[in-house]
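I opened my notebook to look through this structure piece by piece. Here is what I looked up, entry by entry.

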Amino acid sequence: MKIEVHKNLVFASGVVGDDVIAFQEAFAKPGVDTVVFVNSPGGDLWTGLRVGRMISDLGLNTVIAGACISSCSIMFMGGKERTFSDAFSAPLTFIGIHGAHNKYTKTVDSNIQPRIFAFLKQSMGDKFSADIINTALFDMEDAGALLRIFDAFREPKRMTYHCISTQTLRKDCTNFKDANALNLGVVTNNSLTKLELPESYKFKSLLFGKELLDIITEPDKYYKNLVDKQCDTDTCKKMFSNFEYSKSEHRALAIPVNSIGVGVVSNRVSETQAFIGAVYFCNHVKDKPSRLCETQSVNQFDVRDFYSKAEQSHIEALAKLSSPAEKFYANEEYGGGLTSFTSYKYQKWKDITPQALEGVKTYNTKDLVTDLKSEKPPVVISVFAGVNEALPGALSLVNGGMAFEDAAKDKEFETRFAALLKLLSPDNNRPIVFYCLGRDSWFSVNAAMRAKKMGYSQVGWYRGGFESWKAAKLPTGSVVVRAVAN
């Protein structure tokens with residue numbers, strides 16, 4: 001972790017590793033009485049337990065700035081007085097508790113859960129809820145299971161909830177309606193700690209991993225130019241005005257490619273999610289045909305040149321592309337005996353995929369490189385937005401691999417998918433290849449089968465996906481998002 005002492009405060013951020021000695025040295029500084037955990041995803045359990053007990057034995061207070069998850073939550077619970085802070089917005093401020101798992105295999109290790117249980121029970125005292133903590137520690141299908149407990153002072157209506165897996169949809173998670181951070185004993189009082197983070201701990205504004213730097217210097221002029229160009233109705237003009245003067249966090253505005261209109265969104269968890277959300281609302285307007293869109297501003301930043309820079313990165317990546325030595329990378333050829341699959345996968349999208357799909361060409365890494373370097377390369381479509389890079393020349397159809405058991409909901413989604421795919425790849429006879437994060441993602445399977453159903457005659461599927469491409473050390477470009485299906 002990054003650990004610094006500023007006056008009476010110890011700041012700790014990042015992944016928890018072998019940090020016990022660093023914490024001991026920090027706690028030994030004169031006057032230290034409070035530990036501030038800043039956006040930590042957790043990490044080493046044993047460090048978490050040892051540091052949590054050190055904090056408890058020394059009678060130190062603890063504060064959360066942002067998200068404190070897994071072993072970070074254990075350290076936080078060692079505090080004598082425990083509070084959330086105002087350093088980040090309410091949706092970004094929460095504690096996440098789950099049980100132990102092997103850090104290499106990610107499999108659940110239920111033998112260690114009783115130690116965590118005992119420590120949490122001691123910290124929470126008479127407010128301890130055995131039922132809820134047992135749920136958090138033992139109801140785990142994978143390492144992504146999590147009990148989320150939020151800042152109830154600023155958002156009293158936001159419920160505590162538990163998801164059994166990283167793949168569990170929010171609607172399928174368990175809500176604890178009457179449980180909050182205070183009555184569960186997670187915090188000792190509901191007031192926020194006023195906190196000024198050191199510069200090195202403050203969030204940088206990032207868009208797909210790149211720092212945003214181009215602040216809109218003349219917003220009145222900037223938005224007036226957009227209004228004049230994009231609006232022919234009072235409703236459109238009002239949307240621009242509301243957006244320009246909004247105080248909401250993580251907001252973005254997108255406009256259609258080669259047509260008028262606008263899409264806006266606010267109160268997203270990050271700049272990137274705001275960027276994607278604005279494209280979605282611009283793509284899909286009631287009683288209007290779907291259209292491709294480009295985000296113009298995110299928060300106070302001008303991002304109009306995002307697309308030209310991204311496309312230049314793809315030109316450079318294609319120029320560097322050369323055939324790899326092997327056909328397969330990151331074990332893309334292994335696993336999955338099913339060779340015929342005729343329906344979509346609605347849940348557990350991260351699961352071993354078939355070796356092949358009926359009527360769809362399965363690409364290995366070497367063959368895809370060969371086709372991308374040919375005179376007539378395929379259209380490559382990413383249906384995943386969880387990474388900051390893309391295959392050379394790839395277009396994004398974000399969330400294009402979704403599928404829904406509810407027939408009406410799936411039909412609505414398919415209408416959006418079909419309309420956007422037709423805009424991205426208008427020629428049904430040109431080869432089109434779908435990919436996602438890796439061989440264990442069914443999003444690319446669903447998208448490929450859906451495209452085949454739509455009448456695309458040469459549908460391909462890159463089973464190894466982004467993970468295999470990176471394992472082969474092949475060049476990449478920036479993510480280009482003009483279409484969001486869901």
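How many cavities of 30 Å³ or more does the structure hold? I found 1 cavity of 30 Å³ or more.

**Ground rules.** I noted that this is a predicted model, in which local features need pLDDT of at least 70 and side-chain atom pairs count only at pLDDT 80 or more, while totals for chains, interfaces and linings use all residues. Residues are numbered from 1 along each chain as its sequence is written, and side-chain values use heavy atoms, with hydrogens and water left out.

**The cavity.** On a 1 Å grid over the protein atoms alone, a cavity is a set of points where a 1.4 Å probe fits but cannot get out, and lining residues have an atom within 4 Å of a point. I read a volume of about 50 Å³ for the largest cavity; a volume is the space filled by probe spheres set on the points, with grid points joined across faces, edges and corners. Its lining consists of S382, F384, V387, E389, A390, S396, Y435, C436, L437, F466 and V479. I sorted the lining of this largest cavity into 8 nonpolar, 2 polar and 1 charged (Ala, Val, Leu, Ile, Met, Phe, Trp, Tyr, Cys and Pro count as nonpolar, Asp, Glu, Lys and Arg as charged, and the others, Gly among them, as polar).

**The parallel sheet.** S382 and Y435 from that lining turned up again as bridge partners, with Y435 in β20. I saw 4 bridges joining β17 (residues 379–382) to β20 (residues 432–435), and these two strands run parallel. Strands here are DSSP runs of E with at least two residues, helices are runs of H or I with at least four, and numbering starts from the N terminus; two strands pair if DSSP finds at least two bridges between them.

Which strands make up the open sheet with parallel pairing, and in what order? I wrote down 6 strands, in the order β16-β21-β20-β17-β19-β23. β16 (361–363) and β23 (481–484) are at the edges with a single partner strand each, so one side of each has no neighbour in the sheet. On average, neighbouring strands are turned by 30° against each other, direction ignored. Axes are lines fitted to C-alpha atoms, for helices over the stretch in contact, and angles run from 0 to 180 degrees between N-to-C directions.

Two helices that pack on this sheet went into my notes. Helix α8 (residues 271–283) touches β19 (395–398) and β23, and its direction makes about 60° with that of β23. Helix α12 touches β20 and β21 (459–462), and makes about 175° with the direction of β21. Contact means heavy atoms within 4.5 Å.

**α12 again, with α11.** I followed α12 (residues 443–454) to α11 (residues 407–424): their axes come within 11 Å and cross at roughly 75°. That makes α11 roughly perpendicular to α12 (65 to 115 degrees counts as roughly perpendicular). D410, F413, E414, F417, A418 and L421 of α11 meet A447, R450, A451, K453 and M454 of α12. These contact residues divide into 7 nonpolar, no polar and 4 charged.

**α8 again, with a second sheet.** α8 also lies across β12 (252–256), β13 and β14, at about 35° to β12. I found 4 strands in an open sheet with antiparallel pairing, ordered β13-β12-β14-β15. Its edge strands are β13 (263–265) and β15 (301–302), each pairing on one side only. β14 (residues 293–298) is joined to β15 by 2 bridges, and S297 has D302 in β15 as its bridge partner.

**A pocket.** A pocket is an open set of points with protein on both sides within 12 Å along at least five of seven lines. I counted the lining of the second largest pocket as 8 nonpolar, 1 polar and 6 charged.

Technical notes: Parallel < 35°, antiparallel > 145°, perpendicular 65-115°, else oblique.
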